[in-house]
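Work through the exercises below with the sequence and the model side by side, and try each task before you read its solution.

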2 protein chains.
Amino acid sequence: MRLLHEENIEDIALGAAVLGTGGGGDPYVGKLMAREAIRQYGPVELYTLDELDDDDLIVPAAGMGAPIVIVEKLPAGDDMIRAFKALGRYSGREPRGTMSIEAGGLNSVMPIYVAARLRIPMVDCDGMGRAFPEIQMTIFTAHGITASPFAMSDERGNVLLMDTVSNHWVETFARSCVVHMGAEGMIALYSATVKQLKEAAIHGTITLAEDIGKTVRNARRQEANPVDAVRKAVGGFLIFRGKITDVDRRIEGGWNRGDAKMAGTGDFAGDDLLLEFQNEHLVVRVNGEFAATTPDLIAVLDSETGEPITTEALRYGMRVAVIAFPCAPQWREPAALELAHPRYFGYDVDYEPVEERYLHHSR
Amino acid sequence: MRLLHEENIEDIALGAAVLGTGGGGDPYVGKLMAREAIRQYGPVELYTLDELDDDDLIVPAAGMGAPIVIVEKLPAGDDMIRAFKALGRYSGREPRGTMSIEAGGLNSVMPIYVAARLRIPMVDCDGMGRAFPEIQMTIFTAHGITASPFAMSDERGNVLLMDTVSNHWVETFARSCVVHMGAEGMIALYSATVKQLKEAAIHGTITLAEDIGKTVRNARRQEANPVDAVRKAVGGFLIFRGKITDVDRRIEGGWNRGDAKMAGTGDFAGDDLLLEFQNEHLVVRVNGEFAATTPDLIAVLDSETGEPITTEALRYGMRVAVIAFPCAPQWREPAALELAHPRYFGYDVDYEPVEERYLHHSR
């Protein structure tokens, strides 16, 4: 167990935003909420799975919807606590702790808020090692852990509970409700025992995020190349450097959907890039050819500061670097890959691990 | 208390379909389910509110969605029981009995199924004295009784629970979910104590439905005019007689929506009628002028048998009579009228009680 203090939050939110692959919520909003909670309620105890009892029940907490709305309409915090408590009441079991369901600027740190306010432990793991736009897209689903009982609340005080026959049904019902909530709802889901999590969770995600954040911060301080520092920290590949020439983004079906076009600069002069997203980056094409696809991670970084740019922050004229890096190996198992395959998202392309693809396609 | 046997069901379903004003579900489906339940589990005890303790908790049970789907895809029954039990579990209180939330061919008798199968009493009252297409449209809403906790289940086994800040929010969330359930879900809602119901419910609806059904049956047997018998039994007015010349009906937003056109015959030769519906009949115009509007009741009857025709059964060429009759007086109180005013449904017309309107407009 170690304590998370206010000063840990900055690095975690930054690193988690890299892993959030464009989604997972805005790191600034997440940072504000987590910091404020720690300031008010004290530091949060971060446990590894090995430090907890196998029977302990852990309930992840997160925000759901279109991240661009969450930036404009800050979560109140009460809605998150309301969803978390509703799930505990419904289950009839007191949650021992909370955790992140995904890595992302908001969703990695939202459980820090819950842990601080309810004075319960947070566990250093998550269900994706990245962020994904749909509820059933977790390693948990591939391991038979159910998203339901599922609880959702909004700023008005509405509470929805779902007990469904599959994780896809939670996605279907919750997505249609979150649209009516104004594309922003706070959720608690995928309750699991520590024993289940030892097998199915991705371990150490918070610490990994913090390490990535620290790396970027150090690179900046040493006036080194922060983009290269991130790339090395995640074991990734530089796909592109250039300028954003067009962004098409809309709120559709409770997600941010759209694409961004870029024109290459430097080594990439004359090349063009097309990045498509549904909350998270799904695929990236360079000169019309796939350069990386889901479930591998694609991050857009500010080319000077290495700061990850979420899909809602992409703007015309930004100078950026695009890196791609391997997903957690669990995503490459058949049952998991099916959940997040490029074909699931409508791309008629085989999945090729980014490290192999990169060897074939890069200059 | 009196017992409802198999032989009571026919009259109740028929009379309730008259009160269902085109909606409230298909009487044939309702009849089958209730009869089968009584055959299997024994007769149902029907109580008046005065025969129960003020503190007893009563939970209405119903079907929600587009009635045309429910005809094609019979409710399994298990889904209804699942919703009812989920609500009891969530409330932490054992329901003492059940009741109809609305009058209608299916929704009047669905609680008979629940009462028979769970061996609990049914109460002779409802929340509308007719049927309406949206969840918040009850006399209960006008009396501050909440639709939530609300439970909903489908044939697959999905269970949704809602605890919302207003009855409109239940409608919003549940409607969007029922669309994904294939426009058919079974629901439990508006739990209330007998004390609350004594003030807010419409008393004696099941007995009224049975009386109407009996009247039609007797009129048929005596070769009298069943349409006129229904008209007299409900204190109504004959608005039209004619032939259906056009039906436009679609499943939209989890409802049957559309309209029917008719050409007059007999005394009404040369006249035309336009009937618009959203599950239930909303307004009827004769020769372009409003002849009756919500919240008053409009029933389309087979001109020979007096059998009420639900919106999903309207067909080109049918020979029908259209009658209109006054809603329960509670609907004319301001708080209730606002919930079901023609303007709520988008008709730019003042509400004029049908008995007054009829005096002005009819021949």
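**Exercise 1. Find which residue of chain A comes closest to the rotation axis, and state how the two chains are related.**

Step 1. Of the residues of chain A, L161(A) comes closest to the rotation axis, its C-alpha lying at 2.4 Å. The model is a predicted one, in which local features need pLDDT of at least 70 and side-chain atom pairs count only at pLDDT 80 or more, while totals for chains, interfaces and linings use all residues; side-chain values use heavy atoms, with hydrogens and water left out.

Step 2. Chain A can be laid on chain B by a turn of 180 degrees and a shift of 0.0 Å along the axis, with an RMSD of 0.0 Å, where the copies are superposed by least squares on the C-alpha atoms of residues with pLDDT of at least 70 in both. That is the relation of a two-fold axis.

**Exercise 2. Describe how β8(A) meets β8(B).**

Step 1. Strand β8(A) and strand β8 (residues 159-163) of chain B run antiparallel and are joined by five bridges; two strands pair if DSSP finds at least two bridges between them, and strands (E, at least two residues) and helices (H or I, at least four) are DSSP runs, numbered from the N terminus.

Step 2. Within this pairing, V159(A) stands opposite D163(B) in β8(B).

**Exercise 3. Characterise the interface of chain A and chain B by its contacts, its area and its residues.**

Step 1. Begin with contact, which means heavy atoms within 4.5 Å: 19 residues of chain A are in contact with 19 residues of chain B. Of the interface residues of chain A, 100% are also interface residues in chain B, so the copies meet through the same surface.

Step 2. Turn to the buried area, which is the accessible area (1.4 Å probe) that two parts lose on being put together, summed over both. Between chain A and chain B this area is about 1,800 Å², and carbon and sulfur atoms give 64% of it. N158(A), F173(A) and H180(A) supply 29% of the area that chain A buries against chain B, more than any other three residues.

Step 3. Ask which elements take part: β8 (159-163) and α7 (167-180) of chain A each supply at least two residues of the side that touches chain B, and α7(A) gives the most, with six residues. By class, that side of chain A has ten nonpolar, six polar and three charged residues.

Step 4. Finally, look for salt bridges, each being a side-chain nitrogen of Lys or Arg within 4 Å of a carboxyl oxygen of Asp or Glu; across the interface of chain A and chain B the rule finds zero of them.

**Exercise 4. Locate the salt bridge of D296(A) and R332(A), and explain what the pair ties together.**

Step 1. The structure holds 50 salt bridges over all chains, and in one of them the side chains of D296(A) and R332(A) meet at 2.9 Å, N to O.

Step 2. D296(A) lies in the loop between β16 (289-293) and β17 (297-302) of chain A, and R332(A) in the loop between β18 (319-325) and α11 (334-340) of chain A, so the pair ties together parts that are 36 residues apart in sequence.

**Exercise 5. Trace the strands that pair with β2(A).**

Step 1. Strand β1 (residues 2-4) of chain A runs antiparallel to strand β2 (residues 44-47) of chain A, and three bridges join them; here R2(A) stands opposite L46(A).

Step 2. β2(A) also pairs with strand β5 (residues 122-123) of chain A, in the parallel sense and over two bridges, where the bridge partner of Y47(A) is V123(A).

Key. Residues are numbered from 1 along each chain as its sequence is written. Chains are lettered from A and ligands numbered from 1 in the order in which they are written. Ala, Val, Leu, Ile, Met, Phe, Trp, Tyr, Cys and Pro count as nonpolar, Asp, Glu, Lys and Arg as charged, and the others, Gly among them, as polar.
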